[in-house]
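Please read the following briefing alongside the sequence and the 3D structure.

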There are 2 protein chains.
Amino acid sequence: MARIVQKYGGTSVGDVDRIKNVANRVKVTRDAGHEVVVVVSARAGVTNELIAKAKAVCALPSEREMDQLLAIGEQETIALTAMALHGLGVPAVSYTGAQAGIFTDKVHTKAKIRTIDAKPLEKDLSAGNVIIVAGFQGIDDDGQVTTLGRGGSDLTAIALAAAIKADKCEIYTDVDGVYTADPRVVKDARKLEEISYDEMLELASLGSKVMQTRSVEFAAKYGVVFEVRSSFNQNPGTIVKQEVAYMEKVVVRGVAVDKDQAKVVVSNVADKPGTAARVFRALADANINVDMIVQNVGRGGLANLTFTVPLSEKDKAVHALAPALKDVGGEASFDEKIAKLSVVGVGMRTHSGVAAALFDALAKVGANLELISTSEIKISVVISKDKADEAARAVHAAFGLEQA
Amino acid sequence: MARIVQKYGGTSVGDVDRIKNVANRVKVTRDAGHEVVVVVSARAGVTNELIAKAKAVCALPSEREMDQLLAIGEQETIALTAMALHGLGVPAVSYTGAQAGIFTDKVHTKAKIRTIDAKPLEKDLSAGNVIIVAGFQGIDDDGQVTTLGRGGSDLTAIALAAAIKADKCEIYTDVDGVYTADPRVVKDARKLEEISYDEMLELASLGSKVMQTRSVEFAAKYGVVFEVRSSFNQNPGTIVKQEVAYMEKVVVRGVAVDKDQAKVVVSNVADKPGTAARVFRALADANINVDMIVQNVGRGGLANLTFTVPLSEKDKAVHALAPALKDVGGEASFDEKIAKLSVVGVGMRTHSGVAAALFDALAKVGANLELISTSEIKISVVISKDKADEAARAVHAAFGLEQA
């Protein structure tokens, strides 16, 4: 008997039939003698529906009320999933985030899990019940409903797996696992059997869209081994775990493309201490994720700062930069027609020549490098968005990723 | 400055525009310098949508999970109503039943309020906020979500009004107030300026559909004066309060017709002690509301028991009666083609001849009396359903109810 946490995303519980499908899968696992804790998201689309309603009553809805509103998405799916299991004769009990003892800080719409009090859940689990927990949500010390932000349901699953010392955590989604590249773009992309936390982290942060970085970070921190797999078939997925020696044999594990970025150039700012701090403090205070920062000194002691921000946060960035630019001078320009392409692999730590091979492949398809940034296990470049797909195919081929 | 509880029902918060309308009305009250606590229902239709989903995943959904599911209806409206107030520049905080400290017993889908801990709510109220509370829901001592059953939002409003010692409780609905008869049936029905708890109770229990009896009982018990009025216009409504002397001048306050009843005849049971107890214990254990019980002794020492049950509980009654009839003999027959017509008025206590006048009016339209039952302040009869509307008009006219 193992203790298994299964997480089903919004498309997996997208309608009544899919909820029944999830119940059937859960039943199979339980019938095999395992203890099962299921984490479910809101059904796909419901969050957007609720946000639209909120915007219809108020231009700028308060985040506290937004959390109160959004939490109902998962509350619907937990109850329906529990009922679907009852319909199959499987005892099941649903838990909201609050009921599951998922305590967070007070940062509405992007709260962090502080602690999990799993005692009531453990009791129901020991009594033979399947436990259905609402993902994405928690409660603060004052009883306020909080939500965990994007990817929050994965985080709930991984944090719960750590809290109840689960033997396995399965993240069910609408993709089969983690691929060497986006299969819709690169035809011969290959599913990976396993991948290290570090590689998964880089891929997650680079827009591979399978999972959010924070969930992977959390799993790495607490050593939660998890599997990313599809709820629509029985294919094995990709296991994400601590790096092991043989993983280094592969230099590049995958190539990722992120088209949801904008390039920001802040030009002609004074080249003196404190300028960059002023600019990036303003962005940080607005909770904007900045990446790929490069600074050049231009003419006359004036400097240019270049960096990327998520496309969705561009307007917020424009707003946040305005007062900072008043202080330090200079002007900001934005370019949305860019993409970030990255190659990732723990093998890079011990292999050289990866950058050269990457730039070579990009040059062959005529992709101009606008920004370059590197870490121990990845190299990222910003190129023109309209070259991104062709570039991904070229790089995938250059590193022979189609072969196991 | 007064402290006012306002309750808005499902049609009043039926869509985004109606929620904005509610916010505007609340703002007017607050701008007049009052403290306002708003109780909202789920938007009209949402409860049925959720029940349909529940039935689609499970033939007989568990009541615990049903409560978990249904509670989201009000959670949506509280958040949207708070946001709509924010949009008007009015500070507002939403409360789920649990957050509002509405503690209930553990009877899922028809829980009773045990106590209200209004301290957090009082604090937010003192700070100048409008408080928006989810009607219909509460929490038990174990943190389980419970719902209060039909009319639960009215009960939340009246119980809260008692708990926070409100000066006024306004129940906003889609009707203007309490009428002398259903205005859709009786053209010259008249809105009552005020009515006593006892009269309102009888009318509520008799299908006038404005409010459930339990809310009125609760109001009477704690002396909460409330007004039933429309959220769609500015007309004054009907004030429901303790009986006062002048109310007795009117003999009959109104006439109510309930077409949602079935007549049950349990015939040929042994006429001995314990028989009726066995039958009605079975119905009580199944939580079925029985009314208008009559017993006749027939031939050979066998008795007939006749009574009414709500039409919606007929199937449950069939089920509940079966084992009892095995014990005491006899058989049950059901008649759905009946209606209950009642006249109500505290003046009946001191006036005679009401029954005669009622039976007279009914005889004139050819309505046969199948059952008769009386209390201090009402007389009810069961007649054929197809005579009900005509009978209501005749009785209304006979007692001169069209005149103030």
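**A sheet in chain B and the helices on it**

L371(B) stands opposite V382(B), a residue of strand β20(B), where helices (H or I, at least four residues) and strands (E, at least two) are DSSP runs numbered from the N terminus. This is a predicted model, in which local features need pLDDT of at least 70 and side-chain atom pairs count only at pLDDT 80 or more, while totals for chains, interfaces and linings use all residues. Residues are numbered from 1 along each chain as its sequence is written, and chains are lettered from A and ligands numbered from 1 in the order in which they are written.

- β19(B) is joined to β20 (residues 378-384) of chain B by five bridges, and these strands run antiparallel; two strands count as paired if DSSP finds at least two bridges between them.
- In chain B, four strands make up an open sheet with antiparallel pairing, in the order β13-β18-β20-β19.
- The edges of this sheet are β13 (254-258) and β19 (371-375) of chain B, each of which has a single partner strand, so one side of each is left without a neighbour in the sheet.
- On average, neighbouring strands of this sheet are turned by 20 degrees against each other, direction ignored; axes are lines fitted to C-alpha atoms, for helices over the stretch in contact, and angles run from 0 to 180 degrees between N-to-C directions.
- Helix α6 (residues 197-205) of chain B packs on the sheet and touches β13, β18 (338-344) and β20 of chain B, with a direction that makes about 170 degrees with that of β18(B); two residues are in contact if their C-beta atoms, placed from the backbone, lie within 7 Å.
- Helix α10 (residues 354-364) of chain B lies across β18 and β20 of chain B and runs at about 20 degrees to β20(B).

**A second sheet in chain B**

- Another open sheet of chain B has four strands in the order β15-β16-β14-β17, again with antiparallel pairing.
- β15 (291-297) and β17 (331-335) of chain B stand at its edges with a single partner strand each, so one side of each is left without a neighbour in the sheet.
- From one strand to the next, the twist averages 15 degrees.
- Five bridges hold the antiparallel pairing of β15(B) with strand β16 (residues 302-310) of chain B, and V294(B) has T306(B) in β16(B) as its bridge partner.

**Helix α7 of chain B**

- Helix α7 (residues 213-222) of chain B has the buried residues R214(B), S215(B), V216(B), F218(B) and A219(B); a residue is buried if 20 or more other C-beta atoms lie within 10 Å of its own, exposed if 12 or fewer, and partly exposed in between, with C-beta atoms placed from the backbone.
- The cover over the buried residues of α7(B) includes α5 (152-163), α6, β11 (226-230) and β12 (238-241) of chain B.
- After α7(B) comes G223(B), whose phi is positive, near 65 degrees.

- In chain A, helix α10 (residues 354-364) has L358(A), A361(A) and L362(A) buried.
- Seen down the axis of α10(A), its buried residues fall within an arc of 100 degrees, so they line one face of the helix; the arc is that of the directions from the helix axis to the C-beta atoms.
- The face of α10(A) that is turned away from the buried side carries A356(A) and A363(A), which are exposed.
- β18 (338-344), β20 (378-384) and α11 (388-398) of chain A are what the buried residues of α10(A) pack against.
- G366(A), which follows α10(A), has a positive phi near 75 degrees.
- Strand β13 (residues 254-258) of chain A is mostly covered, with five of its five residues buried.
- G254(A), A256(A) and D258(A) on one side of β13(A), and V255(A) and V257(A) on the other, are all buried, so that both faces are covered.
- β13(A) and β18(A) run antiparallel and are joined by five bridges, with L341(A) as the bridge partner of V257(A).

**How the two chains meet**

- The contact takes 28 residues from chain B and 28 residues from chain A.
- On the side of chain B that touches chain A, α1 (16-31), α2 (46-57) and α3 (63-87) of chain B each supply at least two residues, and α3(B) gives the most, with 14 residues.
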